[in-house]
Amino acid sequence: MSRCAWPLLRRLPARAGLALRHGGGAPRARPAAPAASSSSPSSPSSPASSGDGGASRAPDTSLFVPVPLKPGLGGAAEDVGAELTRPLDKGEVLKNLNKFYKRKEIQRLGAENGLDARLFHQAFISFRKYIMESSSVSADLHIILNDICCGAGHVDDLFPFFLRHAKQIFPMLDCMDDLRKISDLRLPPNWYPDARAIQRKIIFHAGPTNSGKTYHAIQRFLSAKSGIYCGPLKLLAHEIFQKSNDANVPCDLVTGEERVFANEDSRQAPHVACTIEMCSTNTPYEVAVIDEIQMIRDPARGWAWTRALLGLCAEEIHVCGEPAAIDLVTELMYTTGEEVEVRNYERLTPLTVLDYALESLDNLRPGDCIVCFSKNDIYSISRQIEARGLECAVIYGSLPPGTKLEQAKKFNDPDDPCKILVATDAIGMGLNLCIRRIIFNSIVKPTVNEKGEKEIDSITTSQALQIAGRAGRFGSSFKQGEVTAMHRDDLARLKEILSEPVPPVQAAGLHPTPEQIEMFAYHLPDATLSNLIDIFVSLSQVDGMYFVCNIDDFKFLADMIQHIPLNLRSRYVFCTAPLNRKEPFVCTTLLKFARQFSRNEPLTFDWLCRHTKWPLAAPKNIKELVHLEAVHDVFDLYLWLSYRFMDMFPDAVLVRDIQKKLDDIIQIGVCNITKLIRASQSAAAPGTAEVVSEDFPLSRTQRDARVVSDRHGGTEALSIAVEAAGLRRAKNLRSPRLGGRQEDVKSYGRGSLANRLLREGLLTQEMLRQLESEWQDQHRNGRYGFGSKRDDQHSSKATGKKRK
């Protein structure tokens, strides 16, 4: 048998090579590469995506997930190779396979065919497992293995079969050039042929906050025959929508969750105000306004500003933002052959950085706004303010837009007793507020770097100026703005930050399109969506003016719904849903939405009410308020999906009605926020130190504890930090100037340090018991903390000896 098969072996390399080129079977039909079009940013015909258009970087092969191949389980009747030769001795086969793996020549050949050390090893393990576990292999491979075992062949003859197997489990190896062309992002201007077909006029309105730059752009928008306003927030889009219609300029509103037509018959108006992600690059306009252009550098959303700047089909593009973005916008427009006219604006009212910090909440004045970067700090400060007999408004990012507007209206109303505002940096844009003085409670804030990693660092000059600029708004009752810090040691650093120049914007964000991902999925049909995105980013090529936006949120949702059977386009839409992945209830709801959608069962109003337990009551504590905010986000998510899958989310009108009712309920909770805080603290379980868990920077007390802990460590450090926090809080409670509430404030600050810390939520009963236990243990073991009696005695004895 072996001799009869020998003539066949001479032809095997050619046959194996043929099998390799065709994936081991009949040639599979593959569509031609896409022609250049608006939806194909990486057309092979473009210079940027040509094979020799510059050196392409090596792919990150750690992202290549092998496709599992089942071993051949055919019966003895199907084992043609055994009939031609003899059954294989698996022991001898294993020895020869290991010899094949160790051959340096084989490893070099693998590298030449795209198999680096990682892929080569994975491919060999799979190849060996396939052969050893198969009851029968293909006839040509069986004959090769038999003759190698008999000494009639060489282990190198296995390479064509090994390479064929490697390309079956790593299909990207066979189409790497195509994948590189699809992920080539070096010529974004070519993605928008409609915009390139006209000569656009670019006008950059540059200036700080409260300089009138957006006002002048909006005036041109209102005077045009047609126009589009693109803003970063729903609040801003809604403001322009109202202003336009109030000025008798019919204007539609388009956000991710909402469509409002100016005309009663739902005809499209010539003007539209939208969130920037929703702008149309196919509709022609006379004037377009792109607000807050500096956000083109945003790690998550920057792609939307890039798309609007390069793709809007308007005769005039009015760009508003910081002067730091002028150079980048000019360079980007140079690639499109369009010139940029720059109009500079100065601040309309003076802004003064004070030489003294607030230091105590007793020093608050009407029109003050305390800016925090932690929701827990907002809860704590608002309670302390109301303990002084003052009313305060509260604004933070997760509040519904309607509640934010109501709180802003309450603060701005001269007849309302509420004269203090406590807010996060959510006030930096989107709200018109009558603020006299901005007070930074902290100057550290969590950020996300280019790699998607969380960092806690000082706020940037751009962020500080954006927030500080809200003081002394032009046209308000305050003709001058003031800025300071809550704590004296933060003020010097705040002055440095505000005086530093804003670094220029270096690059514009880009994001894979659904069309690109679909083309990737054709070449890699067995890859998950998360893996497709990873490989896309790994292979993508961008020039120095662009970067690929962070995709962690997208991948998080892709992994979460991977097990649900959805077509690729629907899966992509679900993964682009705007939600906060730190909210478990919202993420769980998206999962239920996707599962119901996959079963082709419409998500009705009744289904949503059952899931959210609607109707809901007013919150009794902070935990319930946070849950109501999450339910509001769920309603937003339903509305967002309803505009993309209208037949599967059919009850948008009903959901919008109950969302407005929920907004009113949340407003009640925010107006009574200090009562909710007290209820939360009185009902808190032992060991619960904070009201809400969140990924915010450490509060001042926690930072003090960390610093002391670094220096001293152990229980001593904690006791010192807690005592320092208590003393600082006690200082803030002295000399109240609140008239009728003076006695209340005095009683609030009266009592032992432990009692005060317990009342303020800085210490819990469980923490107190633990501290007492640890102190007793140390006392029994003869170890004492800082400032102990024994330390004092020892130090006094030592001093006495020196004197003698």
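Predicted model: local features only at pLDDT ≥ 70, side-chain atom pairs only at ≥ 80, totals over all residues.
View 1. Residues are numbered from 1 along each chain as its sequence is written, and side-chain values use heavy atoms, with hydrogens and water left out. Aromatic pairs come to 18 here (rings of Phe, Tyr and Trp, the last by its six-membered ring, with centres within 6.5 Å; planes under 30 degrees apart count as stacked, over 60 as edge-to-face and the rest as tilted).

**View 2. A cluster of rings, and two arginines over rings.** Phe100, Tyr101, Phe120, Phe124, Phe127, Phe159 and Phe162 are linked by ring pairs into a cluster. Elsewhere, look for charges over rings (NZ of Lys or CZ of Arg within 6 Å of the ring centre and within 35 degrees of the ring normal). Arg259 has its charged end over the ring of Tyr643, 4.4 Å from the centre. Arg644 does the like with Trp640, lying over its face at 3.8 Å from the ring centre.

**View 3. Leu173, a buried loop residue.** Leu173 lies in the loop between α8 (159-169) and α9 (176-182) (helices are DSSP runs of H or I with at least four residues, strands are runs of E with at least two, both numbered from the N terminus). Is this residue buried or exposed? Leu173 is buried, because its relative accessible area is 13%. Leaving aside residues up to four places away in sequence, Leu173 touches Gly114, Leu115, Leu119, Ala166 and Lys167 (contact means heavy atoms within 4.5 Å). Phe64 is 109 residues apart from Leu173 along the chain, and their C-alpha atoms are separated by 9.6 Å.

**View 4. The eight-stranded open sheet.** The strand order is β4-β3-β5-β2-β6-β7-β1-β8, with mixed pairing (two strands pair if DSSP finds at least two bridges between them). At the edges sit β4 (259-260) and β8 (340-344), each pairing on one side only. Inside the sheet, β2 (residues 227-231) and β6 (residues 285-290) pair in the parallel sense over four bridges, and Ile228 stands opposite Ala288 in β6. Helix α11 (residues 213-223) packs on this sheet, touching β1 (201-206), β2, β3 (251-254), β5 (271-275), β6 and β7 (314-321), and its direction makes about 160° with that of β7 (axes are lines fitted to C-alpha atoms, for helices over the stretch in contact, and angles run from 0 to 180 degrees between N-to-C directions).

**View 5. The six-stranded parallel sheet.** This open sheet runs β9-β16-β13-β10-β12-β11, and its pairing is parallel. The edge strands, β9 (351-353) and β11 (392-395), each pair on one side only. Neighbouring strands are turned by 20° against each other on average, direction ignored. Three bridges join β9 to β16 in parallel, with Thr352 opposite Glu482 in β16. Two helices pack on the sheet. Helix α15 (residues 375-387) touches β10, β11 and β12 (420-423), at about 170° to the direction of β11. Helix α17 (residues 461-468) touches β9, β10, β13 and β16, at about 140° to the direction of β13.

**View 6. Strand β13 and its two partners.** In a regular strand the side chains alternate between the two faces of the sheet. On strand β13 (residues 437-440), Arg437 and Ile439 point one way and Ile438 and Phe440 the other, and all are buried. Strand β10 (residues 368-371) runs parallel to β13 and is joined to it by four bridges; Val371 has Phe440 as its bridge partner. Strand β16 (residues 481-485) also pairs with β13 in the parallel sense, over four bridges, and Ile439 stands opposite Thr484 in β16.

**View 7. Helix α21 and its cover.** Which residues of α21 (residues 552-560) are buried? They include Phe554, Lys555, Leu557, Ala558 and Met560. The cover over the buried residues of α21 includes α20 (529-539), α22 (568-575) and α23 (584-598).

Terms used
Buried < 20%, exposed > 50% of the residue type's maximum accessible area, 1.4 Å probe, protein only.
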